[in-house]
Amino acid sequence: MNAEAFRGVHLLRPIAAGVLTGALIAFSLLERSGASTRAAYEVVPIDMANVGGVSGIVRFASGERPQDTFPVNRDREVCGPEMRSLDWVRTADDRLLDVIVFIDDVLAGKPFTAPSETTTLNQKGCRFAPEVRILQDGGTLVLTNSDPILHNAQAYELIQSARRKIFSVVQEAYAEPFVTPVRITRGNVIKIECSAHEFMQSWLFVARNPYYAQVDGRGAFRLGELPPGQYRVRAWHPRLGFREATATVVPRHDVEVVFDF
Ligand SMILES: [Cu+2]
């Protein structure tokens, strides 16, 4: 390297660092504001003669089966003896179940029924039943306790590696249902845990628009009534995380997408 080039490298470094610092500050201000950085979904009349769809399957390719095992060291008469193993990975042949496929960069389209939607999560036998639920953003969560013991459900919105607390509610044995509207800021997923029983864990997928689907018993899905265009299609599994693909939707056809976990 000659002297001129060497000086050039040194001059570039502070400039690059300055640009990077500016970007980081802007990003952290956005983080702190807590405001959604995404535009709100808008219901608009759509031309039903020219909509298309995305359909496909979710394959279980990795063989990764994380198991979380916890000792049951209190309330054994209700929670069960010894150990509780949470096996999150359910499959059907080579397909992965419990996956939700969704599109979050669609800004306008078919009706979204969120405010009228209610999802019930029951605490029974020291389990949240069922363990994976879907709710639309702005919908209502009803939390019930069918156990003869106390539970303390705590809900967190997951935003990448961060957690934002949404609520904490203590419910005595057979307590009255806890009813709360659910709103998320930047993520798509809420994790619900019980502070009294660490093996009680549940997930809520929160949809921001009506373009989402849970895979069926064969790991297949379909998202319909999409205005033509290019979309980022995402797939989420509670324990195995996210995958994504790009799909170009054309009128009156389904474009096929395959996800591998
Ligand atoms: Cu509990």
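What share of the contacts in the protein with a separation of 6 or more is accounted for by residues 24 or more positions apart? The share is 67%, where two residues are in contact if their C-beta atoms, placed from the backbone, lie within 7 Å.

The model is predicted: local features need pLDDT of at least 70, side-chain atom pairs count only at pLDDT 80 or more, and totals for chains, interfaces and linings use all residues. Residues are numbered from 1 along each chain as its sequence is written.

The secondary structure comes to two helices and 22 strands. These are DSSP runs numbered from the N terminus, with at least four residues (H or I) for a helix and at least two (E) for a strand. Of the 261 residues in the protein, 28% are buried. A residue is buried if 20 or more other C-beta atoms lie within 10 Å of its own C-beta, exposed if 12 or fewer do, and partly exposed in between, with C-beta atoms placed from the backbone.

Next comes the core. A nonpolar core is a set of buried Ala, Val, Leu, Ile, Met, Phe, Trp, Tyr and Cys residues joined through C-beta atoms within 7 Å. The largest one has 47 residues, and Val58, Val99, Val101, Val206 and Leu223 touch the most other members. Strand β17 (residues 201-207) gives the most to this core, with five residues. In soluble globular proteins, nonpolar side chains tend to be buried together. Beyond its neighbours within four places in sequence, Val101 is in contact with residues including Tyr212, Phe221, Leu223 and Val233.

In β17, seven of seven residues are buried. Gln201, Trp203, Phe205 and Ala207 point one way from the strand, while Ser202, Leu204 and Val206 point the other way. Two strands pair if DSSP finds at least two bridges between them. Strand β11 (residues 132-136) runs parallel to β17, joined by five bridges, and Ile134 has Phe205 as its bridge partner. Strand β16 (residues 189-194) pairs with β17 in the antiparallel sense over five bridges. There Ile190 stands opposite Leu204, and a hairpin through six residues joins β16 to β17.

Another antiparallel pair is β20 (residues 229-237) and β21 (residues 241-249), with nine bridges. Their hairpin passes through three residues.

Trp88 lies in the loop between β4 (83-87) and β5 (91-92). Why is Trp88 classed as partly exposed? Trp88 is partly exposed because 17 other C-beta atoms lie within 10 Å. Not counting residues up to four places away in sequence, Trp88 touches Pro66, Pro238 and Arg239.
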